[in-house]
Amino acid sequence: MKKGLLTIFGLLIIMSMLLSACAKTEQPVGPEGAKPFDGVTINVMMEGVPDTEYVQAQLSKFEEETGATVNIEVLNYALMHEKLVPQLTAAAGSGSYDLIVVDNYWVAEFNRAGWLMPLDDKIAASDKVKMDAYLPSMLEMVGTYEGKTYMLPFYNYAMALVYRNDLFTDPTIQAEYKDKFGKDIALPTSIPEYIELSKFMTRDINGDGETDIYGASMQGLRPDPTAMEFLNYLYSMGGQLYDLDGKVILTQEVGVAALDAYVDNMKSSAPPGAPSYGFDEAFATVAQGKAFSYITYNWMVPVLDNPEQSQVVDKMKVTAVPGGIGLLGGWGWAIPNSSANPDAAWAFIEWVESFDIAKERALLGGAPTRADVFQDPDVLAKYPHYKDVEKIVGDSIMFPMQSRAPQIVEVLGRVISETIAGSMTSEAAIQELITESNNLADK
Amino acid sequence: MAKSTFFNSLPTRDRKAAKGLVAPAVIGIWVVILFPLLYALYVSVHDWILSQGEIGRLNFSNYITVLQDPLLLNAAKNTVILTASVVILEISIGFGLALLLNNKCIRLRNLYLFILLIPMLMPPITVGLIWRLLLHPDLGIINYALSLVGLPQPIWLADPTLAMITIIIVDVWHETSFIILVLLAGLTSLPDELYEAAMIDGANAWQKFRFVTIPLLAPTILVATIIRMIAALKTYDLVYILTRGGPGIATETISYYIYKVFFVFLDMGKSSAMAFILLGIIVLMTLVLMRVMRRVEQ
């Protein structure tokens, strides 16, 4: 009998441990005058990018004001989706994350699955959040979905052409260009012009027979690094995957032309290892002064101007993707339905997206989403190129709002990589992309 | 034969108590292993895209569909090449190094052993990241060293053929230490008497190795082979970090492909069916190898 009781006692201990592990974080009731979120921990998942670092640098103000502790889990992009999804499927109030940042690729998927909390009521009741301050392109991408607001835009990653201005304005190189092409060197206005310039800039400077400067730093790693890069070529050459109604409109002709141009640039003007490069390797190539240009995020210029990370300080400039239209990307703050502390999470969003904090972040080098921050005199005084960036963010095209966007990116990345590797022709690659885009389209 | 010798040897009262004490562990195993396994089996015969709502209709053809998937077949081919290569190389190199380290005349052998075991202490993700930097075509130290002696500098991870060879090299670097450890443990436990008897019979070094060491060590070699083969069949982390299955689909393995179908495509049904097929192959191979091992032991 005693041993039977012992067994039951043991089972009870195990159950109580399990239950206590599952218990929610509750907001404590503090004495009068206490801070509103004393003792509350807000768990946030974010990507390891400069804007996350800027938020981390600002956190202490929010924690002092509210008493809350903000615990930011920083992850590599590739790990975020797979870690988020199981948490988002958790029952209301029982997920690990109180607040998340949502990449624009995931917006339709998360909202169609009903994983995000609508924010319209909270916005209407707030005197801090000003929705009309955001650029319409950002709100459309990481703000609203089918007429409801689920996110507040956090930062943009519109892609642009970052290039070495010192090489571009070098009189010797300019003269050499004029000799070769019979015209003055100019920033490319189309993808074919960009490829021509990249090939021209690929050169052996010290005469040792080895290439010292590559015309273009590129990232052929599948799936998202290469898919994102290629879409700039596609958009600039007039192609798109879907129309606004979600119908596949990519044609074989434009798709093949864009893919051939992309592969041509990678094989003729990018470092030999570019087909396997991810963001870090492509960035390192530029930062070490081994590349003339790089189609990347517009906010890379402040990063490349940081002497701790770069050998090309004050040498880089940014302009629109050749052709004027590139890929628009961005992240938005959202509260999952599985959030255990939605009120504290909303208080954080209100704070982090307030004008003063957003401006402070922009001054640190952050990528704005609000027009008033883009146009702020202090911000423009520090980063004059933000005037161009605001236009780039307004003109660029976002990835199609499809609920299976991560899967479309996967297919896109694979067929591009296969074309670069030579195991697939560009015609077959685009045909497969069109077929799979149809299969994966929201019905 | 008694069902359970241990429990039957106990008095009735103690037997009940013992079962009660073991019960939490048994229940725990059921909860954390058997339930997910059965649930995955249930999911594998259903249509279910996680982000598209609740579990869908019963669909036994998931198994047929995935077996006709050319990407899975390509991943299977890559997995066989990878597994066969790494197991053969690791057993050969590991056995050679274990024999060397078993020689008590070698000075500082414990230091050598310690150095050789360092890769085993590192998680595969770290190994992948370190090698990715080492193998960087322009900025990596390996190509820099090759350039110093005038050798060509390969693009290790960007060439479809070389990428698989590179993954094999990195896996051999990482996992051979495990083989060394297991085989060295086996070698040190071999009885000296048999070697002495062989010496009295006039056996030379090769004959001692061929007729004493190999037969006695065969079960250990087989165990090491089984463990490495199962692990190699599941290779995922190195591929994820080094190539993400590329260039193209040149290094996509079954585990990596299953991961993508599950975590990227969120296709619970098809990925579970693939996982069960992989599980079936591993169980089958393990049974075959265990039977071979039993025969060798006899």
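**Notes on the two-chain model**

1. Confidence first. In chain A the mean pLDDT is 91, and 93% of the residues reach 70 or more. Keep in mind that this is a predicted model. The stretch to treat separately is residues 15–30 of chain A, where the pLDDT is below 50. Beyond near neighbours in sequence, that stretch still has 12 contacts in the model.

2. Next, the interface between the chains. On the chain A side 36 residues are in contact, and they meet 28 residues of chain B. Elements of chain A that give two or more residues to this side are α1 (2–22), α3 (77–88), α4 (107–112), α12 (279–287) and α19 (405–421). Which of them gives the largest share? That's α19(A), with 8 residues. By residue type, the side of chain A that touches chain B splits into 14 nonpolar, 12 polar and 10 charged.

3. On to the domains of chain B. The assignment gives domain 1 as 5–44 and domain 2 as 71–297. Their C-alpha centres sit 35 Å apart. The contact between them takes 4 residues from domain 1 of chain B and 6 residues from domain 2 of chain B. On the domain 1 side, the touching residues are 3 nonpolar, 1 polar and no charged.

4. Now a helix pair in chain B: α5 (residues 109–121) and α8 (residues 160–188). Their axes come within 7 Å and cross at roughly 120°. As for handedness, α5(B) passes α8(B) in a left-handed crossing.

5. Who makes that contact? From α5(B) the residues are B:Leu116, B:Leu117, B:Pro119 and B:Met120. α8(B) answers with B:Trp173, B:His174, B:Ser177, B:Phe178, B:Ile180 and B:Leu181. Sorted by type, the contact of α5(B) with α8(B) has 8 nonpolar residues, 2 polar and no charged.

6. Helix α8(B) has another partner worth a look, α4 of chain B (residues 70–101). Here the axes come within 6 Å and cross at roughly 40°. The residues of the contact of α4(B) with α8(B) come out as 19 nonpolar, 4 polar and 3 charged.

Methods: Residues numbered from 1 in each chain as written. Chains lettered and ligands numbered in written order. Predicted model: local features only at pLDDT ≥ 70, side-chain atom pairs only at ≥ 80, totals over all residues. Axes fitted to C-alpha atoms, helices over the stretch in contact; angles between N-to-C directions. Helix = DSSP H or I, 4+ residues; strand = E, 2+ residues; numbered from the N terminus. Left-handed = near helix turned anticlockwise from the far one by under 90°. Contact = placed C-beta atoms within 7 Å. Nonpolar A, V, L, I, M, F, W, Y, C, P; charged D, E, K, R; others polar. Domains from an automatic or database assignment. pLDDT = per-residue confidence, 0-100.
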